[in-house]
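This briefing covers a pocket, a sheet and the helices beside them. Please look at the model before reading on.

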Amino acid sequence: MINETLIALLSTAVGGTHVIVDRADVAARDTDGRGSAGRALAVVRPGSVAEVAEVVRIAASQDVRLVPQGARTGLVAGGTADDSGSMLLLSLERLSQPLEIDRVNRTARVGAGVTLSQLNAAAGEHGLFF
């Protein structure tokens, strides 16, 4: 069952379009690279570090467990909810900045939501790969 207070607080924090409660849309994020599946209550997609902090504060105040989720390519179910339907997925997908390649030092500065394919594409522009 959806906690309306939680959803309202999250929508205020990150914008209503970034809180996903539709069961079909949430279910699309309930699996990882190996096919491990859970059942999340909802997905929240913060767009900044400040929004992440607010989501964490809200979840704690509502006694809701968070599962950080990246690109869902992991093979150990670390980014999936359990099957209780009570956990909130904290999607990192909007946190894709910065993505800066330092060719000279062969380093990259990336946001939490940068995927390996995005990183490799950016590195490739400098003749590098990750």
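The second largest pocket has a volume of about 150 Å³. The model is predicted: local features need pLDDT of at least 70, side-chain atom pairs count only at pLDDT 80 or more, and totals for chains, interfaces and linings use all residues. Residues are numbered from 1 along each chain as its sequence is written, and side-chain values use heavy atoms, with hydrogens and water left out.

**Pocket**
- The lining of the second largest pocket consists of I101, R106, T107, A108, L119, A123, L128, F129 and F130.
- β6 and α4 are the elements that give two or more residues to this lining.
- A pocket is an open set of points on a 1 Å grid over the protein atoms alone, where a 1.4 Å probe fits, with protein on both sides within 12 Å along at least five of seven lines; lining residues have an atom within 4 Å of a point.
- The volume is the space filled by probe spheres set on the points, which are joined across faces, edges and corners.

**Helix α4**
- In α4 (residues 116-124), L119, A122 and A123 are the buried residues (under 20% relative accessible area, 1.4 Å probe, protein chains only).
- Viewed down the axis of α4, these residues fall within an arc of 100°, so they line one face of the helix; the arc is that of the directions from the helix axis to the C-beta atoms.
- β5 (99-102) and β6 (107-110) are among what covers them, contact being heavy atoms within 4.5 Å.

**Sheet**
- An open sheet of mixed pairing is built from 4 strands in the order β1-β2-β4-β3.
- Helices (H or I, at least four residues) and strands (E, at least two) are DSSP runs numbered from the N terminus, and two strands pair if DSSP finds at least two bridges between them.
- β1 (19-20) and β3 (66-69) are the edge strands, each pairing on one side only.
- β2 (residues 42-44) is parallel to β4 (residues 88-91), with 3 bridges, and A42 stands opposite L88.
- β3 and β4 also run parallel, joined by 4 bridges, and L66 stands opposite L88.
- From β4, L88 and L90 point one way and L89 and S91 the other; all are buried.

Definitions and conventions
Buried means under 20% relative accessible area, exposed over 50%, partly exposed in between (1.4 Å probe, protein chains only).
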